[in-house]
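Colleague: I would like to go through this protein with you, one question at a time. Please show me the structure before we start.

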Amino acid sequence: MTDGERAGGDPREPQRRHRIAVLALPGVPPFELGIPSRVFGSVADAEGRPLYEVVVCTADGGPVLSDAGFVVQPAAGPEALAAADTVIIPPTHAMPELAGGGPLPPEVDAAIADIRPGARLVSICSGSYVLAAAGLLDGRPATTHWNLAPEFRRAYPKVKVDEEVLFVDDGDVLTSAGVAAGVDLCLHMIRRDHGAAAANRAARICVVPPWRDGGQAQFIDRPVPEPTLASTTATRAWAMEHLAEPLSLGRLAEHARMSLRSFTRRFRDEVGMTPGQWLTAQRLELAKQLLETTDLPVDLVAHRAGLGSGNSLRAHMKSSLGISPAAYRRTFSSAA
């Protein structure tokens, strides 16, 4: 039963919490292992009831040694995977055979096979190797840590690897890049499940940025730009307060007191995308918040978000989310 089907029941009955199983494998880094519990554990409904139930499990129910040298004692075994609505696989630094496309250990392979059909599958960083070794990424877009991408591509040529992004949402299978990108992906999933307001609340509790688009570039090792006092930070903060106004590249560069060329180059260095891409993303995020928290007509939402007309907003939402403004409002306005 999906969350939507559960939501259609008696409104007086509390919804069953979405069950998340986090599979701890030998050599798991503690930081990445703790991300799902910390982020999803920060989400509650209007009455303060947790919306997610997160359990850490292992493939055989026994303890595993983390890469920090201490033992992780799981709360559950593989039975948690079979009962989960979402399965999250953090990275492992103790399965070098996967780097060459080798098979999963038998107990891990059996545990993965027990995941129920329809469950959402998620990897953080090199947890993507586990999904790939199980054949679950064949023919699908995915990402992993940029430094591992060439090796990953050789080991799993059927996977459409994109090392330039923070995370990839392919519906029921989601993959993230390294470390902090796992936080971004978890917040994205909360936003997808319960809307931007819930994700923003969780981000505030965790004291992390509420939104970095999955298409933002990873911090790939590239030549460092020449040191300078110039930064686009102040201009970005100013632009966030003026999203409803026309914001041309020339106006942004003028505010930053830079030439067009210098501003564009500096912006990409600092943000990982063009000014136009960033503006569109911020405006779309504002439009989503307005759809969730107000009853403004779609045309007025588009105007206040700086996206022009309702038709423009519909096109942007269809392209980025695959959903219309009206459908988004129906889905998330009550959650907000």
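What follows is a set of questions and answers on this predicted model.

Colleague: How many helices and strands are there in the protein chain?

Modeller: Counting along the protein chain gives both kinds of element. The numbers are 15 helices and ten strands.

Colleague: What share of the residues of the protein chain counts as buried?

Modeller: A residue counts as buried when its relative accessible area is under 20%. The protein chain has 336 residues, and the share of them that counts as buried is 47%.

Colleague: Which parts of the chain does the salt bridge between Arg120 and Asp193 tie together?

Modeller: Side chains of opposite charge can pair when their charged atoms come close. The side chains of Arg120 and Asp193 meet in a salt bridge, with 2.9 Å from N to O.

Colleague: Is Arg120 buried or exposed?

Modeller: The cut-off for a buried residue is under 20% relative accessible area. Arg120 has 7% relative accessibility, so the word for Arg120 is buried.

Colleague: How far apart are the closest N and O atoms of Glu163 and Arg153?

Modeller: Glu163 is in the loop between β8 and β9, while Arg153 is in helix α6, ten residues apart. Glu163 is partly exposed at 21% relative accessibility, and Arg153 is partly exposed at 34%. The two residues form a salt bridge, and their closest N and O atoms are apart by 2.8 Å.

Colleague: Which residues are linked with Asp85 in a network of salt bridges?

Modeller: A search of the whole structure finds 13 salt bridges. In one network of salt bridges, the residues linked with Asp85 are Arg16 and Arg116.

Colleague: Why is the pair of Tyr129 and Tyr156 edge-to-face?

Modeller: A pair of aromatic rings is described by the distance of the centres and the angle of the planes. Planes over 60 degrees apart count as edge-to-face. The ring centres of Tyr129 and Tyr156 are 6.0 Å apart, and the pair is edge-to-face because the planes are at 85°.

Colleague: Which residues form one aromatic cluster with Tyr129?

Modeller: The structure holds six aromatic pairs. In one of them, Tyr129 and Phe152 are edge-to-face, with 4.9 Å centre to centre and 90° between the planes. Tyr129 is buried, and so is Phe152. The residues that form one aromatic cluster with Tyr129 are Phe152 and Tyr156.

Colleague: Which residue has its backbone oxygen 2.7 Å from a polar atom of the side chain of Thr143?

Modeller: Thr143 lies in the loop between β7 and α6. Thr143 is buried, with a relative accessible area of 1%. The backbone oxygen at 2.7 Å from a polar atom of the Thr143 side chain belongs to Asp162.

Colleague: How far apart in space are Arg19 and Val87, C-alpha to C-alpha?

Modeller: Arg19 is in strand β1 and is partly exposed at 31% relative accessibility. Beyond four places away in sequence, the residues that Arg19 touches include Glu53, Asp85 and Thr86. Arg19 and Val87 are 68 residues apart in sequence, but their C-alpha to C-alpha distance in space is 8.6 Å.

Terms used:
Residues numbered from 1 in each chain as written. Predicted model: local features only at pLDDT ≥ 70, side-chain atom pairs only at ≥ 80, totals over all residues. Heavy atoms only, no water. Helix = DSSP H or I, 4+ residues; strand = E, 2+ residues; numbered from the N terminus. Buried < 20%, exposed > 50% of the residue type's maximum accessible area, 1.4 Å probe, protein only. Polar contact = N/O pair within 3.5 Å; in protein donor to acceptor, adjacent residues only side chain to side chain. Salt bridge = Lys/Arg side-chain N within 4 Å of Asp/Glu carboxyl O. Phe/Tyr/Trp six-rings, centres within 6.5 Å; stacked < 30°, edge-to-face > 60°. Contact = heavy atoms within 4.5 Å.
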